[in-house]
Each structure stands twice: as C-alpha cells, then as structure tokens.
Amino acid sequence: MLLKPAHSLKGEIHIPGDKSISHRSVMFGALAEGLTEVTHFLQGADCLSTISCFQKLGIEIENTPERILVHGKGLHGLRKPDCVLDAGNSGTTVRLLSGILAAQPFSCTLTGDASIQKRPMKRIMTPLRQMGADISGLNENDCAPLAVQGASLKGIHYQSPVASAQVKSCVLLAGLYAEGPTCVTEPSLSRNHTELMLASFGADINCQNTSAVIQPEPKLTGQKIEVPGDISSAAYFIAAALLVPNSEVLIRNCGINPTRDGILRAAKAMHADIEMLNRHTISGEPVCDLLVRSGNLTGTVIEGDLIPALIDEIPVIAVMAACAEGTTVIRDAAELKVKESDRIETIVTNLKAMGADISATDDGMIIHGGKPLHYAVTDTHHDHRIAMAFSVAGLVADGGIEIADDACVRISYPEFYHDLNSLRV
C-alpha cells in the first residue's frame with residue numbers, strides 16, 4: 001500500500017464498533033440464557049475468531065450485516081469441541097476464553113497464529129492455576145497452544161502485577177464458576193468493559209478503586225447491546241486531522257469510556273484542538289462525537305496511570321510526537337514489548353527510517369519532535385496498529401509512505417484505507 005501525502009482532510013467518519021466490547025458481547029451472550037442481539041459489531045478478523053470459537057463450543061450464532069444473534073445456553077451450556085479452537089491473531093479471545101474453559105467439564109486445546117504463539121500466557125496461567133485450573137502450554141514455553149483440562153475452581157484474591165484487562169477478565173470469568181468470590185486487584189485500572197457488561201447481564205460484581213470482586217454462579221440473561229465506535233480506531237483519524245494542515249474531521253459515535261480515553265488526554269496535553277459534542281450513553285458506555293481540527297502540537301510526558309488508558313494508541317501517539325514541537329517522553333509502557341509485535345522496537349525503527357529523532361528506552365521511548373518525515377517502506381511485522389499508525393505518518397511525509405503487509409488492518413478495521421481516503425480533499 002503506497003500512501004501519498006495529503007493536502008487537507010475534511011468530512012465526517014463513522015468508525016467501526018469497539019473491538020473489546022464486540023468480543024465480550026459474544027462471549028457473555030454465549031454464557032447467558034436466551035438471546036443476545038448485538039448491533040454495530042466489529043466485523044474484524046479478531047472478533048470473527050471469537051464467534052468461530054464459540055460456534056465450535058456448541059453456541060448458535062447468526063452473523064448478519066445488521067446484527068449478531070447469540071443463542072445463549074447459560075453458564076453450563078458449552079460442549080466439548082471436536083477440533084482445536086483457533087483464535088487467529090486475537091489475544092483477547094485466547095486469554096478470556098481460557099478463563100471460561102478452565103471450569104468446563106471437558107478438555108480442549110486453544111491456539112492461534114504465529115504471533116499468538118509467541119505472546120506470553122503465563123500471566124493468565126498463574127492465577128488460573130492458583131484457582132485450581134489444569135492449564136499448560138503444549139510447547140512448554142508458557143505460550144499457545146494451550147491445553148486446558150476443565151477442573152473445579154476456587155475463588156482467590158489475585159494481585160495482578162500488570163494492569164491488563166485481559167488478565168483481569170480471564171480471572172473474573174473463571175470466577176463465575178468458582179467456589180466462593182473471586183477478586184482481582186490491579187496496580188492501576190485497566191479498561192473496565194468486562195465489569196460493566198457482566199453487570200448488565202446480571203452478574204454480581206462489585207468494583208472499588210482498582211479491585212473487582214465477582215460472586216459465582218449468577219444467572220446471566222441475554223441482552224440487547226449496541227456497540228459504540230472504537231476509540232482505538234478513532235485515534236488514527238484524530239491524529240490525521242491534527243497533523244494534516246487545514247483539516248477538520250468529525251468522528252461520530254466514539255466511545256469515551258474513562259478507562260480508554262487516554263488518547264484524548266494525551267492530545268489535550270499536546271494542545272490539540274478537539275471538541276467533544278453530543279455526549280450520551282449507549283449500552284452503559286459513554287459516547288460522543290469528536291470534532292478535530294489541525295493545529296500545532298507540542299511535546300508532553302506520557303506515563304503512570306495514563307498508560308493503560310492508551311496502550312493501544314501509543315504507535316499513533318508516537319507519530320504525533322514526531323511531528324510536534326519539543327520532546328515527548330513515553331515511559332511505564334514495557335507492555336508494548338508483548339503486543340502483536342515488540343511495538344517499542346517497531347515504532348522506533350520505522351520512525352527512524354522516516355527521519356524522526358527517536359530513541360528507545362527499557363519501558364518506552366524519547367521523541368524529539370519537529371524533524372520533517374520522509375518516504376520509507378514500513379515493516380509492520382503483521383501488526384495492524386503499526387500499519388494504521390504509519391499510514392497516518394505517510395499523510396505528512398515527504399513522498400508519502402509504503403506499508404508492507406497492509407492487509408493486517410483486517411484484524412481490527414477492514415475498511416480503514418477506504419475511510420482514510422474518503423477524507424482527502
């Protein structure tokens with residue numbers, strides 16, 4: 001994919017449904033009794049992997065252009081699959097589903113693509129084993145493929161060493177089947193879609209500060225869910241509109257859950273021109289329209305409790321920082337090393353190739369902004385967020401940019417390039 005520089009971006013965009021919420025709507029709908037209807041579901045490869053896994057577990061799921069219909073069978077309605085469960089590139093699918101499978105009365109194997117088979121699973125295996133689960137890596141490296149033999153679980157209080165919604169959700173889902181309550185405490189609060197949605201389905205879950213406690217064996221009831229637009233997908237259009245001169249873009253129906261809005265807080269610290277319009281709530285999640293205008297950005301420091309709220313947006317924030325005046329420091333983000341690629345290395349290597357003044361640290365990067373970007377060929381390492389972030393960089397680079405393996409955007413945003421080009425003036 002060759003992207004040429006843009007002179008101006010104008011118009012409005014309707015971003016696809018939130019990936020995290022789309023995953024959970026299918027999972028929780030499968031464990032509920034009755035019908036769950038989901039609209040504005042993200043038809044990306046990751047979420048389709050979740051649908052496929054639950055279909056193999058005996059759940060009837062109708063996928064139509066208008067809605068997803070999940071015919072739930074209750075907490076104990078899953079059946080033993082007759083094949084390996086393949087999560088594709090989806091870490092959310094592997095980790096959350098592991099918590100559910102740990103308590104089922106059958107054994108199964110859960111795997112994914114080459115990227116998933118390198119991503120760390122010890123972070124979920126440790127708490128699940130503390131609960132009594134029988135889970136192991138078939139290659140004895142604490143990675144997928146995972147062998148899960150269903151077992152009787154007991155509730156625990158798990159002090160998670162990382163602020164990870166996937167770890168938290170895995171343990172809470174296992175807690176649905178445990179003897180006694182299950183509590184997860186994080187070092188800082190990660191995204192809370194699991195807690196909000198489980199409560200809406202009827203789970204007894206209590207959240208306070210960075211802890212969540214769930215009681216076992218609730219009766220979950222099917223729901224109607226409208227999925228808000230994904231702020232992680234909106235981030236690329238936010239950055240593009242800020243960086244391309246003479247731009248004004250309206251992003252419709254964007255989720256602004258406070259555990260996910262770090263991109264907006266970081267952009268504000270960089271003196272971005274962003275207005276939040278038409279605030280309202282859908283399916284328990286806050287949303288709004290974002291009006292973004294181009295302007296001069298300045299460097300900032302991104303660290304601490306802000307990191308979990310923007311971890312997936314750091315690639316495009318780094319692009320913003322490279323174009324801003326002054327220095328941006330990103331720290332406390334070592335989690336970037338275990339994403340779809342080592343995103344610290346991938347961001348730094350690709351931005352350096354474009355002429356940016358950037359250096360890696362153990363837990364982030366330092367970016368001295370303001371140097372003109374120029375043409376380069378970007379190696380995405382099959383990482384969708386790298387591909388989309390550097391597509392934005394290409395809009396303001398002398399000569400544009402070439403994105404190797406642009407097809408990886410199908411993981412989270414199949415229509416990304418179509419939507420981006422629709423804003424060109």
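A polar contact is a pair of N or O atoms within 3.5 Å, of which, within protein, one must be able to donate a hydrogen and the other to accept it. The legends below apply this and related terms to a predicted model.

**View 1. Ser-190 and its polar contact with Lys-168.** The side chains of Ser-190 and Lys-168 are joined by a polar contact of 3.1 Å. Ser-190 belongs to the loop that runs between strand β11 (182–185) and helix α6 (193–201). Its relative accessibility is 2%, and because buried means under 20%, Ser-190 counts as buried. When residues up to four places away in sequence are not counted, Ser-190 touches Ala-163, Ser-164, Ala-165 and Lys-168, together with Thr-259 and Pro-308.

**View 2. Ser-200 in helix α6.** Ser-200 has its place in helix α6, where a polar atom of the Ser-200 side chain lies 2.7 Å from the backbone oxygen of Met-197. Ser-200 counts as partly exposed, because its relative accessibility is 40%. Lys-80 stands 120 residues from Ser-200 along the chain, and the C-alpha atoms of these two residues are separated by 28 Å.

**View 3. The largest pocket and its lining.** The largest pocket has a volume of about 590 Å³. Of the 37 residues that line this pocket, Ser-164, Ile-311, Asp-312, Glu-335 and Lys-339 are the closest to its centre. The elements that contribute two or more residues to the lining are α1 (19–31), α3 (91–101), α5 (165–175) and α11 (384–396), and the largest share, four residues, comes from α1. Divided by class, the lining of the largest pocket consists of 15 charged, 13 polar and nine nonpolar residues. Ser-164, named here among the residues closest to the pocket centre, is also one of the residues that Ser-190 touches.

**View 4. The second largest pocket.** The space in the second largest pocket amounts to about 320 Å³. Its lining is made up of 16 residues, and those that lie nearest the centre are Ser-115, Lys-118, Glu-340, Ser-341 and Asp-342.

View 5. Rolling a probe the size of a water molecule over the atoms shows where empty space is left. The structure holds one cavity of 30 Å³ or more, and about 50 Å³ of space lies in the largest cavity. The residues that line the largest cavity are Asp-18, Ile-21, His-193, Pro-228, Ile-231, Gly-255, Ile-256, Asn-257, Arg-260, Glu-285 and Pro-286. This lining divides into five nonpolar, three polar and three charged residues.

**View 6. The nonpolar cores.** The largest nonpolar core has 78 residues, and Ile-251, Ile-314 and Met-365 are those with the most contacts inside it. Helix α7 (residues 231–243) supplies the largest share of this core, 11 residues. Apart from this core lies another, of 67 residues, which includes Ile-68, Leu-101, Ala-102 and Phe-106.

**View 7. The surroundings of Ile-314.** Ile-314, one of the residues with the most contacts inside the largest nonpolar core, is shown with its contact partners. With neighbours within four places in sequence left aside, Ile-314 is in contact with Ile-307, Ile-330, Ala-333, Leu-336, Ile-347 and Met-365. Met-365 is itself listed with Ile-314 among the residues that have the most contacts inside this core.

Key:
Residues are numbered from 1 along each chain as its sequence is written. This is a predicted model: local features need pLDDT of at least 70, side-chain atom pairs count only at pLDDT 80 or more; totals for chains, interfaces and linings use all residues. Side-chain values use heavy atoms; hydrogens and water are left out. Buried means under 20% relative accessible area, exposed over 50%, partly exposed in between (1.4 Å probe, protein chains only). Contact means heavy atoms within 4.5 Å. On a 1 Å grid over the protein atoms alone, a cavity is a set of points where a 1.4 Å probe fits but cannot get out, and a pocket is an open set with protein on both sides within 12 Å along at least five of seven lines; lining residues have an atom within 4 Å of a point. Grid points are joined across faces, edges and corners, and a volume is the space filled by probe spheres set on the points. Ala, Val, Leu, Ile, Met, Phe, Trp, Tyr, Cys and Pro count as nonpolar, Asp, Glu, Lys and Arg as charged, and the others, Gly among them, as polar. A nonpolar core is a set of buried Ala, Val, Leu, Ile, Met, Phe, Trp, Tyr and Cys residues joined through side-chain atoms within 4.5 Å.
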